[in-house]
Amino acid sequence: MLEIKNLHVEVAGTEILRGLNLTIGAGETHAIMGPNGSGKSTLSHVLAGREGYTVTAGSVTFNGKSLLDLEPEERAGEGVFLAFQYPIEIPGVNNVYMLKAALNGIRSYRGEKELSAVEFLKVVKARVKAIGLDDSLLNRPVNSGFSGGEKKRNEIFQMSVLEPRLAILDETDSGLDIDALKTVSEGVNALRDGKRSFMVITHYQRLLDYIVPDHVHVLAKGRIIKSGPKELALELEARGYDWLLEEAAA
Amino acid sequence: MASNAQDVAEFVDRHYEAGFVTDIESDTVAPGLNEDVIRLISAKKEEPEWMLEWRLKAFARWKTMREPNWAHVHYPPIDFQAISYYAAPKSAKDRPQSLDEVDPKLLETYKKLGIPLEEQMMLAGVAVDAVFDSVSVHTSFRGKLAEVGVIFCSFSEAVREHPELVRKYLGSVVPVTDNYYAALNSAVFSDGSFVYIPKGTRCPMELSTYFRINAMNTGQFERTLVIADEGAYVSYLEGCTAPMRDENQLHAAVVELVALDDASIKYSTVQNWYPGDAEGRGGIYNFVTKRGDCRGARSKISWTQVETGSAITWKYPSCILKGENSVGEFYSVALTNNLQQADTGTKMIHLGRGTRSTIVSKGISAGRSQNAYRGLVRIAAGAEGARNYTQCDSLLLGSQCGAHTFPYIECKNPSAVVEHEASTSKISDDQLFYLRSRGIKQEDAVNMVVNGFCKEVFKELPMEFAVEAQKLLGISLEGAVG
Amino acid sequence: MAALAMVAGAALAALEQAPDSTRSQRLGALRLAAAARVKEEGLPSVANEHWKYTNVSRLGERALRSATAGDGASVSAASFAALELSTDSALRVVLVNGCVRDDLGAGGSLPQGLRVRSMAALQEQDPERLATLLDTDVEAGSTFQALNTALLGDGVVIEVDHNVSLREPLHLVMLGTGDDLLRSPRVLVHMGRNSELRLIEEYVSLDAASGLTNSVCEVRLAVGATLFHHRLANESAASSHIGRVAVEVDEQGQYVSDSLAFGGELTRVDIDVNLVGRGARCRLNGLFVADGQQHVDHHTRIEHRVGDTHSAELYRGILDGRSRGVFNGRVLVARDAQKITAQQASNNLLLSRLAEIDTKPELEIYADDVSCAHGATVGELDAAALFYLRSRGVGAADARALLTYAFAQKIVDEIPLPGVRRWLETRFLGHTRYSQLLSALESL
């Protein structure tokens, strides 16, 4: 589904990703772990198409298409969803209205019929329940005045409505207390249907207790320096990253 | 991926949708201004002697005045002798009794603008007094309004049929000598609307007027007078679009509002005069004087405006808060694109005890336009316990435009509280990226963010107007994001 | 013609009759042009947007005489010592009626890398050099600046060498004495690359001096230079004060200003900062306290001429009696000057029914990648805070005094001048028992 080959990315002249390789198959959940500054967020932003990142080499193929050639909204149309580490506040723009525009944007990109307001609201109501989101958040401006937990929950809610093929969760656990972490994880797990793929970016193993990955990768200095089964996460939790960095340096 | 700046540029470059000319023969007076022209206008309108004298007095004053130059706008000198000061559609001579009798071309014009007159009257229950080239040609719901004693008619009609009201209130809010353009308007005003809501009456429907400028080189000098007697309420809507023309046209309207004890006037405007083309050719000069007088205790005047049109806008809808505990409000969205220039804002003059005012201004600059907010909050010594809150935000789309904020705060009463906040920033890349990453197109994302920015103002508009305003914003911004 | 313009006219005539009185042709031409401007334009009227709230026509009508060195001869070391000044700096330069008085200064030899010269001396010794240091744009500022230039007599030229950081503040004491005098001091500050200086420019009066002080201060900061500039206008009730500070800040330079206005019948201070190099920044704070019939006007103008420049501004005014305060803060962002931040706040306290404040915070922006904000407030003391203090047993008058002092404190806290704090304490807390408490707390 997703194939990243030898990806090199610069930000303001500094190379952050230095030859990253990663393949994610359909239905798989991959965890990306790594110390601060290893390039985790850069990876998620590059995949979603944020400005300010220069790809100097390498390729990213998504279901046979070159992702890097697409505009952010086209990537969303292809089925890529980024759950932001810091969801953006947009004053005055109604949450549900935005979501309807997004869903219909994606549907029209795919040549599907746009949903009527009634059809759309049906979808929303079902998802709201599943995710345990407070109804009142729906009619508030996008993320404006939301608590940290509410923002993250809103991201997962959007994901559940937009039904992406690949969901990238960028440090979704950061700033969440244990209860919020559980609800958010449950929301994610409910979307694991064997076809949808996940890239879970996190600094801590904690999240992976709830969203159990198929594979764990360690990102350091812009490269995957170690890959392994889910147990690798536990080992990282116990031993930290230093031994791996030394191993990689050796 | 394409740069945002480029997308923005494309977005800004859409065409003026209301740009077309209706071919109706005009009864136009030759260009030029002198006492004879004023006598002619007065005679054509069969005005009484006092009205003519009032006009002549204004003209005499105007000749001694100079054009203001303090606004943050630039334009070549206006030749006031090259303007024709009167034009009336011929079909106006025989007033239509029903829609069937209205010139089909006129109706078609409204349809092109997306304002199907019949539908709007039926669905929204709006009485429409369509001012077409200065003379009212169509009035509806007169009967229904008359039942409750509301007078809603053309200004000329009011001069003939309600002279006592006109004489009492005309020029009582905006004196003839107030400013250069107000004096000019007083001398040559062609027509406009007159509204009187009697004591204790809540006007049963929204009153609206659609203005259009049509005949070439014809200055438009509308005169509007709205009086809400004690305990009355009225919501008045004013909207304008204009056909595409290559020459600058002067529009100098005067609007006067009077609210007596416990009365409330809500005045909403969506202004979309022709802004000129992408190179700044053509376009309307909109030099308007709008002022409301909260004369009575607990009275309230609320201005809401969405300004997207005109080459130059010079406009400060104001409130004189004379009555104790009276309230003034000003909600404004001003959008400029291409080479448009706007210098707009408000004046809140607090004279009475316990008076309150709120100012919310949202400026959006795109292209190479200049957009200035200019506002005055004056608290007189007697305005015990007065309050003002002002919020004034500017959004920049593109690096070639300007956004300016000139607030004046003058306070002479220690018990008053005045708060002013302003911010200027460019449209947020983070917000645009967030929306796009959710699958929303760049252009739609920009529209969404801009509409969100203006939300506080739109929610003050009557529903059907709010929809039109949002649409207008989208159209005016086409081609402008980044 | 207004009397002040006549003073300028006289200066012009004198220059025309005796062109040799100044040895530099450039300097002479500049002064002639300046005098001509004053004569032609006269003083600014209220029709001028920048002078809308400050009427100087009465000033112009007064029969003032341009002060000379002789007018201050009677000031002795003893009378000087009796003055209450904001600080006791070891580096002190004293000007009486705008003329340097070496005998009253203190500090002996100057530290390495700092040069302080009398402008009169420089006019004698090296007028060409002076002409290169002065702003030669005769149109700069209002006609008051032109008047200062036309009457150019004495003043101070301060130069700090590259890479020199001075620990000891330099204290300029501008003392006014005598009746109906026009004092025209000029101060030039040239800061070398990566240099640093703290400058205190303090205007005080001896006894009931009257007349007008019309000062101009020009500051140029080279790359990486920092100037802390504390400007105090605290002259007698019969004096008026017009001052302009024009600053140019180059790359990575930093101009930090506190402008305080307490005294004087009419005070008008213009601070004009041009940020001309990337990374340049300025921080302008101000405090004005007025009572009686005082009129205090602060105009600031910050121009961000290039990208990556930053400004922050906070002005507070406290108006009592029949006084009137004016604040006009203008922030300009030039075309293509991107990545700008500019913050501005004007807070004003009206303590009397007859006092007035006019505030006008302006933004004029021609670039798009900016984050600019301003806020202005006018009000009386916070009723909730007053109630809180009173519920804790503080008397109403004391509570008001405490809150007023606290309002000013925000500005004063950033000024390391004990005299300023003392002055405010006396002014606002003098009649309360909290002054002792506060000083006791401070000594802890």
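**Exercise 1. Describe how chain B meets chain C**.

Start with the count: 34 residues of chain B touch 35 residues of chain C, where contact means heavy atoms within 4.5 Å. This is a predicted model: local features need pLDDT of at least 70, side-chain atom pairs count only at pLDDT 80 or more, and totals for chains, interfaces and linings use all residues. Side-chain values use heavy atoms, without hydrogens and water.

Next, the area. Chains B and C bury about 2800 Å², with 47% on carbon and sulfur atoms. Buried area is the accessible area (1.4 Å probe) that two parts lose on being put together, summed over both. On the chain B side, Tyr408(B), Ile409(B) and Pro414(B) lose the most area to chain C, together 20% of what that side buries.

Last, the charges. The rule finds two salt bridges across this interface; a salt bridge is a side-chain nitrogen of Lys or Arg within 4 Å of a carboxyl oxygen of Asp or Glu. Glu384(B) pairs with Arg353(C) in a salt bridge, closest N and O atoms 2.8 Å apart.

Definitions and conventions: Residues are numbered from 1 along each chain as its sequence is written. Chains are lettered from A and ligands numbered from 1 in the order in which they are written.
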